[in-house]
Amino acid sequence: MKLHILLNAILETEMNLFENNEYIIGRDRNADIVLNNSQISRKHARIFFQDASWQIELLSKTGSLKKNQLDINIAQLEDKDSIQIANYTLSFSDGKAQTSSSDQDFDSDNLGQSANNGEQSYEESHEMEASAVETFENTYTKTSHKEEEEFNDETTAGGNVQLLNQLRIVYEGRQEEYVKIIGNFWTLGRSDNCDVKLKDSKASRKHIVIKNTKGDFKVKDLGSSNGSFLNGNQLNSDREYPLVSGDCIEIGSTKIYFEQKDERFEDKIQRLPIQVHHHAMISIDNQELAANGNFPMPMIDGAGGEIGFLRPSAYFGGDKEKKRKFMIYGVVALLVVVAFLGMDDSEVNKTGSSEKASTEPKKLMSTFEALSPEQQDFVQASYSAAHRFFTAEQWDLCISEIEKVHRFVPEGYSNPSFPDALPSKQMLNIAETAAATLRDQARLEEEKKAKKEFAQKLERSIQMCEQQASQMSLSQAESCLEFVFSASPDNPRAMAILENIKERNRQKQIAARQASKRRSLVSQGESLYNRAKAVDRKGDPLDSIEAYEEHIKSSYPDPNNLKARSRARIDEIRANISAVVDKLRDQLQDYFESEDQLREAILTADKIIRLNPNHTEATDKRAQAVTRLNAKLREEYQDSIFKEAHGDIDRAKKIWRRIISLDVEGGEYFNKAQIKLKKHGG
């Protein structure tokens, strides 16, 4: 069965499925098939071969699994079936069932003839083997597409490389945290809104940003208060810095390591073939090795678990194009031997070799003893060189040589021939500590120098801002002091500059508010004056005087001297009133002397009183006129009552109408006559 993995309908990778394997699908980096999507569980589903058919089963408790657009929990897989998981599609195509990769053998026809004997010296062979691990790890990305497919089919039965981008965050106290980063843009800082929240009090709310542009990673400081350091060098906030796997970013007491690795590297190693047929086992001696210049590869006999060495010339041709494959297969075989020697008896039994294992006890060999003589010589030479460098305190060279030793003897090595030399593991620990100490000392010197230069730059910036502060706005001052505050958030001189500008702005704001309030009060006073003028235009002198007096009594500012105009107008109105009152008083006297004009006398008196409520003469004459008029109208009203009583309503109505015409509106007999007319309809 062949599996095709599509992301958003675009083919991502393909892989062969083997019947004796089970495949876990999920976003966990240790899953067999890694699907990077937050909607997918860490262990979402599994694919397995059972009852002569391939099947898929949902493992997630919250996720879903669709087969040909239908939800399923478990289902049999057939040719052209399609499984949907989030935005991934798993397409299956039927083919001839393949057995486990452990049953496959090397194709000797494709591997060519033996390499030319004697072309490589022992040192060249060693260099080739020492670089084999690096070659193996880079093969997925450096070989051609054809070689990549060939290598995957024969050794890993896996898909294309899936690089995992992650941050390993080490806090003070050695607490570690791993953060997988997916996408093209990540912010780091103390804020909850950052993609990666840092638990460090010296980190800014938004401290740095990491960008990914088509695999090109860069880091930039976002103007942080306490700065950021990349591999010991401080970052400037005005530029971006390249970021590669292994780089260390320091923020406060926190170290952040950027790491990239193949998500499925461990899985691919586990899938490598560990069984070799008997015909691949050969016996060679040191003389033959020396003569041919070929470096033997340790192999494990699949039947009895014996350790032997496979001569490269038995399977690899001399053509240079195949040498890279020789290195790859050589290091793979070496890793298998090391893994085999590290297994206990129970693990060996699990490989299936126990069925034919000898019942006789065997002497266990150490990793060093399992090496070829040439490899042992190489280990001893590297160990000797490491000891020399250790004695000379050349720590980096010492570490390099010990790493060569541990490449063949991972558990460590010591040589009785060097009684003064430490075991390789202990030597490595001391050398790494010493090298780190030297690096720290060098970094401290650089930091001291950088701090001095930084302090000088800080002083220049503050002096420049102080000189220009009187001419700058607050935003201009903040821009001028941006560098100062990024380095020293509580700098007293910088804060004093801003406080002075803020106080200056506060005083301006107070003055502006006072001016605005005064303008508002002036406007209200003008409104009162304009209202008095409007009342004056209506012609009622008393209402006009009252309106003008209201304006005069107000406390509103009067920059245009409008209150003086109001006073002048009041005096003018009162003068007019006096003249009118004198004229009306003469008319009142004329009306008052005539018995037939008592109504006019009352009305004229009312006009005088309205203009001058304190005019006593008009008040007295009005009262006398009302008394005289009521006496006259009383007789006529009694006559109308008599006629009404005798049924002469028409004549009574005429009398009532006359009373209304003679009396003033609201007068005593005016109201009585009006009531009678209303009673009799008329």
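The legends below describe several close-up views of one predicted model.

In this predicted model, local features need pLDDT of at least 70 and side-chain atom pairs count only at pLDDT 80 or more, while totals for chains, interfaces and linings use all residues. Residues are numbered from 1 along each chain as its sequence is written, and side-chain values use heavy atoms, with hydrogens and water left out.

**View 1. Confidence along the chain.** The pLDDT, the predictor's confidence in each residue from 0 to 100, averages 78 over the chain, and 75% of the residues score at least 70. Over residues 96-160 the pLDDT stays under 50, and the model has 123 contacts (heavy atoms within 4.5 Å) beyond four places in sequence for them. Residues 335-363 also have a pLDDT below 50, with 26 contacts in the model beyond near neighbours in sequence.

**View 2. Aromatic pairs.** Rings of Phe, Tyr and Trp (its six-membered ring) pair if their centres lie within 6.5 Å; planes under 30 degrees apart count as stacked, over 60 as edge-to-face and the rest as tilted. By this rule there are 10 aromatic pairs. In one of them, the ring centres of Phe 49 and Trp 54 are 5.2 Å apart and the planes stand at 70°, so the pair is edge-to-face. Buried means under 20% relative accessible area, exposed over 50%, and partly exposed in between (1.4 Å probe, protein chains only). Phe 49 is partly exposed at 27%, whereas Trp 54 is buried at 6%. Phe 390 and Trp 395 also form an edge-to-face pair, with 5.4 Å from centre to centre and 80° between the planes; both residues are buried.

View 3. Helices (H or I, at least four residues) and strands (E, at least two) are DSSP runs, numbered from the N terminus. Two strands pair if DSSP finds at least two bridges between them. An open sheet of 5 strands has the order E15-E14-E16-E17-E20, with mixed pairing. Its edge strands, E15 (196-197) and E20 (241-242), each pair on one side only. E14 (residues 185-189) pairs with E15 in the parallel sense over 2 bridges, and Gly 189 stands opposite Lys 197 in E15. Asn 212, in strand E16 (residues 208-213), is buried with a relative accessible area of 14%. Its side chain reaches the backbone nitrogen of Gly 215 at 2.8 Å. Leaving out residues up to four places away in sequence, Asn 212 touches Gly 183, Asn 184, Trp 186 and Phe 217. Ring pairs link Trp 186, Phe 217 and Phe 258 into a cluster.

**View 4. Charges over the ring of Phe 592.** A charge sits over a ring if NZ of Lys or CZ of Arg is within 6 Å of the ring centre and within 35 degrees of the ring normal. Lys 621 lies over the face of Phe 592 at 5.9 Å from the ring centre. The charged end of Arg 628 sits over the ring of Phe 592 as well, 4.9 Å from its centre.

**View 5. Two loop residues with positive phi.** Most residues other than glycine have a negative phi. Asp 51, which is not a glycine, has a positive phi of about 55°. Asp 51 is in the loop between strand E5 (45-50) and strand E6 (53-58), and is exposed at 66% relative accessible area. Asn 561 has a positive phi near 60°. Asn 561 is in the loop between helix H15 (541-553) and helix H16 (562-592), and is partly exposed at 49%.

Note on methods:
Polar contact = N/O pair within 3.5 Å; in protein donor to acceptor, adjacent residues only side chain to side chain.
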